[in-house]
Amino acid sequence: MVPPALLGGYLHPGHRRRRYRNYRQVVKEEVNVLTTAPRGTRDILSPEVEKWQYLEDKIRQHCHRYAYSEIRTPIFEHTELFQRSVGETTDIVQKEMYTFQDRGDRLLTLRPEATASTVRAYLENRLYAQPQPVKLYYIGPMFRYDRPQAGRYRQFYQFGIEVIGSQDPSVDAEVILLAVHLFADLGLRDLEVHLNSIGCPQCRSAYRQELRAYLKGHLGKLCPDCRARYEQNPLRVLDCKKEHCRQVAGQAPELSSYLCQECREHFAAVQEYLESLDVKYQLNPNLVRGLDYYTKTVFEIVSRELGAQAAICGGGRYDGLVEECGGQPTPGIGFALGIERLLLALDKGGIELPGREPLDVFLAALGSKVQAPALKLLYQMRQHKLRADKDYLGRSLKAQMKYADKKEARYVVILGEEELERRMVLIREMATGKQEEVPLEQAVEIILEKMGGVADGK
Ligand code: AMP
């Protein structure tokens, strides 16, 4: 019998048989499913997680300086939000969403990206009534049913920013600058900023017709996906990565010659600002981005070193999105940056982020009688912001010293029953092997002194 839990989710009628087959597979692979994370997801453990934390701190510092405030939106939203905003014909909506029906029959989707959620939150929380533009950033997991490979996961993390409420081209330049500034600060140099303008719906519709007419003569050379795109969303043919499609796209009419005057002026101003900021970029007429809501400026920041998954950051303007979601016409722009890909690029660039921090103090407490005073001493150390730990397995002194060494402790404080009776402890500096006996009550103070007055207490 199929357990009710497996039938609880949203089930497209056509999927019932497959789901049942999967259930049988689940039973067969029981050992694996209990000890293996779902495909395309993974755990982030120390010492890698410390690198994530470092990166997140850096991101927060940059956002703070550029005057963005954080927004935390739900992990899931109404499915329709993504269908309407990201677009029905996009790969994300057609193939990649994790959609389910909850027990109240609502159709919900794990967010595949966060711009739609941010715009929904802008409307729901009446952020339009605040001084404009509203500048927001987020860091969090996104979900796409994509084919996993290096740099591509089904649960991945994005840092993104959104500026809603200004169409000024200086905002476009500053949004790009924030990403470039962050990369430079992290020491990443060999990145390329690719820039394009895909115009407004008016100029794009004239272009779409021209493009379709051109593609019609080359349909035979396009991949099956692009043949479908020719009907539904011909612009997407321009950024297909398949060689034959790229050849066809390379000869296609260029969107830039179809931009209306306003879009042309806006794009020229963005470029002027970027030049005045010394941000190097290259125009890429084939850059259209995979989401429907973009207008005018679009950009990607790519690292040649990352191979197939070269894009670290992508973004653009979405001047029609707030209105599409039911608000007043309101311009917006933003980007999303893949944290895993950024870490990969740092790694390939030989840039080592700070990893796990060593212990300040390891307390070697020996014997059951000393455990209570040892816990108290540890607590005092931690109150003084020292990073301190002890043994919890009743190890011998020798084993505890070995453990302290593994944890790279700077000092080991030894407290045995005999020391306790005399109210003394032994402090050993691990780097030099120097030891001294000091009064128990002064131990914390003396360690702090040895460490230069203050623990950094991060
Ligand atoms: P997008 O929302 O598709 O424009 O993606 C923005 C950024 O998110 C990309 O440039 C990648 O760095 C990252 N990204 C997108 N999809 C994935 C994925 N499946 N796995 C890892 N990172 C991703």
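My classes are buried under 20% relative accessible area, exposed over 50% and partly exposed in between, with a 1.4 Å probe and protein chains only.

**Basis.** I worked on a predicted model, where local features need pLDDT of at least 70, side-chain atom pairs count only at pLDDT 80 or more, and totals for chains, interfaces and linings use all residues. Residues are numbered from 1 along each chain as its sequence is written, and side-chain values use heavy atoms, with hydrogens and water left out.

**Lys 95 and its partner.** I found the side chain of Lys 95 in a salt bridge with that of Asp 225, at 3.5 Å from N to O. I count a salt bridge when a side-chain nitrogen of Lys or Arg is within 4 Å of a carboxyl oxygen of Asp or Glu. Lys 95 is in helix α6 (residues 91-96) and Asp 225 in helix α10 (residues 224-232), so the pair ties together parts 130 residues apart in sequence. Helices (H or I, at least four residues) and strands (E, at least two) are DSSP runs, numbered from the N terminus. Asp 225 is partly exposed at 33%. I also noted both residues in a salt-bridge network with Asp 91, Arg 229, Arg 236 and Asp 239.

**Other salt bridges.** I noted 26 salt bridges in the structure. One of them joins the side chains of Glu 324 and Arg 84 at 3.1 Å, N to O. Glu 324 belongs to helix α13 (residues 321-324) and Arg 84 to helix α5 (residues 79-85), so this pair ties together parts 240 residues apart in sequence. Glu 324 is partly exposed at 36%, and Arg 84 is partly exposed at 44%. I then checked Arg 289 and Glu 300, whose side chains meet at 2.9 Å, N to O. Both Arg 289 and Glu 300 are buried.

**Ligand.** I listed 14 residues around the ligand, the closest being Arg 144, Tyr 153, Gln 158, Arg 289 and Ile 312; a residue is near if one of its heavy atoms lies within 4 Å. A side-chain N or O atom of Arg 144 is 2.8 Å from a ligand oxygen. A polar backbone atom of Gly 338 is 3.2 Å from a ligand oxygen. β10 (311-317) is among the strands that each supply at least two shell residues, and β10 gives the most, with three.

Conventions:
Polar contact = N/O pair within 3.5 Å; in protein donor to acceptor, adjacent residues only side chain to side chain.
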